[in-house]
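This report goes through selected strands, helices and loops of one structure. The sequence and the model are shown first.

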Amino acid sequence: MKKTIGFVLFLPILFVLALSIVIVAAVSGGDNITTELEDTGENLFSGEYRFNAINKEVERYRPYFERYAKENGIEDYVEILMGMTMQESGGRLADVMQSSESLGLPVNTLGPEASIKQGVKYFSQVLDAADGDVELALQAYNMGNGFIDYAKKHNNGKYSKELAQQFSTHMKNRLGWRVYGDPNYVDNVMRYLEPVGGTDFAGGSGKWALPLKNIRVTSGFGPRTHPITGQKGKFHGGLDFACTPADDILSVADGKVVEAIHSNVGYGNYVTVQHGSNEFSRYAHLSRIGVTKGDNVSQGDSLGKCGTTGSSTGNHLHLEHLTKLGQRHQDKIDPKKTLGL
Ligand SMILES: [Zn+2]
């Protein structure tokens with residue numbers, strides 16, 4: 001298939017580009033993937049990485065993604081297409097989806113709209129060939145349709161990272177290339193996806209006051225599932241809010257600070273305030289703690305600043321409602337209820 005051959009030819013360029021993006025990300029200390037330790041119940045698909053994930057350069061093309069996704073009958077995949085574009089170019093090249101060669105044209109010869117038009121069409125084709133399996137389709141977008149045939153032959157048509165690695169090695173040996181595609185492409189794109197349940201709230205009506213001036217919930221309380229595969233994750237023992245390091249973290253009610261802990265793992269820097277004999281609020285991943293153990297605080301007092309310390313991949317507040325210290329995540333209370341959101 002001509003399209004596939006053309007696509008295969010520009011894979012080294014794609015790889016170098018992907019690599020350079022990864023290096024830039026690593027140097028800037030940005031998108032480190034969460035490692036789970038004594039943790040908050042966050043995981044890779046928790047949405048912690050979402051805030052600021054789709055940059056302005058890609059966001060400005062949203063109308064094109066919507067238009068061409070609709071044209072190809074894949075309007076539910078706009079976020080995924082934009083995540084792919086973050087991975088392909090970060091919106092910083094004219095050929096934003098790096099799709100010119102899938103049309104048999106030289107590299108980077110398409111402008112943004114034409115690149116998106118072709119990239120979306122090509123993705124809809126691999127999605128079709130992958131029978132709607134998004135992970136398989138994503139990896140095929142990166143490595144060519146041959147990956148789908150390979151998956152059907154060797155893994156019951158299912159994607160796995162190991163399979164992508166095997167296929168990459170297989171193609172490298174066959175073509176005598178040093179690199180073939182990006183076996184981490186699926187994870188790399190998934191980092192940019194909007195979590196399930198990202199919602200804006202004007203204000204709460206519950207017993208607790210809001211812990212931030214501006215509220216945007218990015219991840220809910222409860223068992224987590226992968227937004228696409230439905231794979232079960234860890235139980236998330238709190239509620240996550242988007243915030244920036246300029247934002248004060250506010251005590252949800254009057255009380256006494258019972259924990260003000262500096263840490264690089266798990267919750268990172270966190271504060272726990274006791275409001276009653278069986279009522280505690282906990283605030284995790286702070287950049288700076290502004291109180292000490294034993295302090296009395298009033299509702300709305302600043303406890304510190306928003307941050308991304310500990311097991312976190314982006315600035316956010318992880319808020320918990322505990323009925324006792326040392327409680328298991330599944331026994332905690334959904335802060336949404338206490339906040340009246
Ligand atoms: Zn959280």
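## Strand β9 and its neighbours

In β9, E279 is the bridge partner of G276. The model described here is predicted. Strand β8 covers residues 269-276 and is joined to β9 by six bridges, the two strands running antiparallel. Together β8 and β9 make a hairpin, with two residues between them.

Strand β9 also pairs with β13, residues 316-322, through five bridges, and this pairing is antiparallel as well. Here R282 stands opposite E320 of β13. Strand β9 spans residues 279-286, and eight of its eight residues are buried, so the strand is largely enclosed by the rest of the structure. Strands of a sheet pair through backbone hydrogen bonds, either parallel or antiparallel.

## The sheet β6-β12-β10

Three strands form an open sheet in the order β6-β12-β10, and their pairing is antiparallel. The edge strands are β6 and β10, the latter at residues 288-289, and each of them pairs on one side only.

Strands β6 and β12 are joined by three bridges and run antiparallel. In this pairing, L250 has S302 of β12 as its bridge partner.

## The disulfide

How many disulfides does the model contain? The count is one. The disulfide is formed by C243 and C306, with their sulfur atoms 2.2 Å apart. C243 lies in the loop between β5 (239-242) and β6 (248-250), while C306 lies in the loop between β12 (302-305) and β13, so the pair ties together parts that are 63 residues apart in sequence. A disulfide is a covalent bond between the sulfur atoms of two cysteines.

The torsion about the S-S bond of C243 and C306 is about 80°, so this disulfide is right-handed. Are the two cysteines buried or exposed? A residue counts as buried when its relative accessible area is under 20%. C243 has a relative accessibility of 1% and therefore counts as buried. C306 is also at 1% relative accessibility, and therefore counts as buried.

Helix α5 runs over residues 78-88, and ten of its eleven residues are buried, so the helix is largely enclosed by the rest of the structure. The buried residues of α5 are V78, I80, L81, M82, G83, M84, T85, M86, Q87 and E88. After α5 comes G90, which has a positive phi, near 60°.

The axes of α5 and α7 (residues 134-143) come within 12 Å of each other and cross at roughly 35°. This crossing of α5 and α7 is right-handed. Which residues make the contact? On the α5 side they are I80, M84 and E88, and on the α7 side V134, L138 and Y141. By type, the residues of this contact of α5 with α7 divide into five nonpolar, no polar and one charged. An α-helix has 3.6 residues a turn, so residues three or four places apart point the same way.

## Helices α8 and α9

Helix α8 (residues 146-154) and helix α9 (residues 161-175) have axes that come within 11 Å and cross at roughly 115°. The crossing in which α8 passes α9 is right-handed.

From α8, the contact involves G146, F147, Y150, A151 and H154, and from α9 it involves L163, A164, Q166, F167 and H170. The residues of the contact of α8 with α9 divide into six nonpolar, four polar and no charged.

## Two loop residues with positive phi

Q98 is not a glycine, yet its phi is positive, at about 50°. Its place is in the loop between α5 and α6 (112-129). Q98 has a relative accessible area of 3%, so this residue is buried.

N156, which is not a glycine, has a positive phi of about 50°. This residue lies in the loop between α8 and α9. Is N156 buried or exposed? The cut-off for exposed is a relative accessible area over 50%. N156 has a relative accessible area of 76% and is therefore exposed.

How values were computed: Residues numbered from 1 in each chain as written. Predicted model: local features only at pLDDT ≥ 70, side-chain atom pairs only at ≥ 80, totals over all residues. Heavy atoms only, no water. Buried < 20%, exposed > 50% of the residue type's maximum accessible area, 1.4 Å probe, protein only. Helix = DSSP H or I, 4+ residues; strand = E, 2+ residues; numbered from the N terminus. Pairing = 2+ DSSP bridges. Disulfide = S-S within 2.5 Å. Axes fitted to C-alpha atoms, helices over the stretch in contact; angles between N-to-C directions. Left-handed = near helix turned anticlockwise from the far one by under 90°. Contact = heavy atoms within 4.5 Å. Nonpolar A, V, L, I, M, F, W, Y, C, P; charged D, E, K, R; others polar.
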